[in-house]
Amino acid sequence: MAFIKPEVYAQLVREKFNSKIKIASLSQNLGILANTTVGETVTFPKFKLIGDPTEVTKGTPIAVEELEQTSSQATIKMIGKGVRVFDIENLTAVGNQVDEAAQQQALVFARKLDSDLVAEALTSPLKETVAVGNAITEAELNNGLALFGDEADVEEMAGIVA
């Protein structure tokens, strides 16, 4: 009977997973959310941009704004998929059963994450309809970017998903 250390196998799957994700690679990794568990709701606060500056005259008070925040929420999910590898198959079959299991788990986990992210993205009010399903015009692109208003910052934008 072979013994597979979960910590080693999990790292093997993780390395393969990172190369398989597509949509998730456009998002920002927030790391481990400490003190949370499956089913809990996490709130992601975001500061709104203050208004434009105005010209002032020396000695005249400057208008002051208060910082405001918006937020979004997400529910923590747990997904899983088990694979059984028998010693005899690993010895007699062509290929590496453990590596193939990790490869396939990474693929289905990446597809699930990307699928969930696409479903969430489709709920956004910041989307523009295009006339042709496999092309985008300059006008459609500009209309989509205009939806972001002053918050269209190339440093914060990872890409356009069509």
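Q: Hi! Is Val130 buried, partly exposed or exposed?
A: In this predicted model, Val130 counts as partly exposed, because its relative accessibility is 30%.

Q: And where does Val130 lie?
A: Val130 sits in the loop between helix 3 and helix 4, the latter covering 138-146.

Q: Which residues make a nonpolar surface patch with Val130?
A: Val130 makes that patch together with Ile136, Leu141, Leu145 and Ile160. The patch comes to about 370 Å².

Q: OK, switching to Ala139. Where is that one?
A: Ala139 has its place in helix 4.

Q: Buried, partly exposed or exposed?
A: Ala139 is at 48% relative accessibility, so it counts as partly exposed. The cut-off for exposed is over 50%.

Q: What separates the C-alpha atoms of Ala139 and Gln105?
A: Those two C-alpha atoms are 41 Å apart, with Ala139 and Gln105 lying 34 residues apart along the chain.

Q: Let's go inside, then. Which residues are in the largest nonpolar core?
A: There are ten of them: Tyr9, Val13, Phe17, Ile21, Ala24, Ala101, Ala102, Ala106, Phe109 and Ala110.

Q: Which elements give two or more residues to this core?
A: Those would be helix 1 (6-18) and helix 3 (97-121).

Q: Which gives the most?
A: Helix 3 does, contributing five residues.

Q: I see Phe109 on that list. What does Phe109 touch, leaving out residues up to four places away in sequence?
A: Phe109 touches Val13 and Phe17, along with Ile79, Gly80 and Lys81. Val13 and Phe17 are also members of the largest nonpolar core.

Conventions
Residues numbered from 1 in each chain as written. Predicted model: local features only at pLDDT ≥ 70, side-chain atom pairs only at ≥ 80, totals over all residues. Heavy atoms only, no water. Core = buried A, V, L, I, M, F, W, Y, C linked by side-chain atoms within 4.5 Å. Buried < 20%, exposed > 50% of the residue type's maximum accessible area, 1.4 Å probe, protein only. Helix = DSSP H or I, 4+ residues; strand = E, 2+ residues; numbered from the N terminus. Contact = heavy atoms within 4.5 Å. Patch = residues over 30% accessible without salt bridge, like charges linked within 9 Å, V, L, I, M, F, W, Y side chains within 5 Å. Areas by Shrake-Rupley, 256 points an atom, 1.4 Å probe, with all protein chains shown as cover. Salt bridge = Lys/Arg side-chain N within 4 Å of Asp/Glu carboxyl O.
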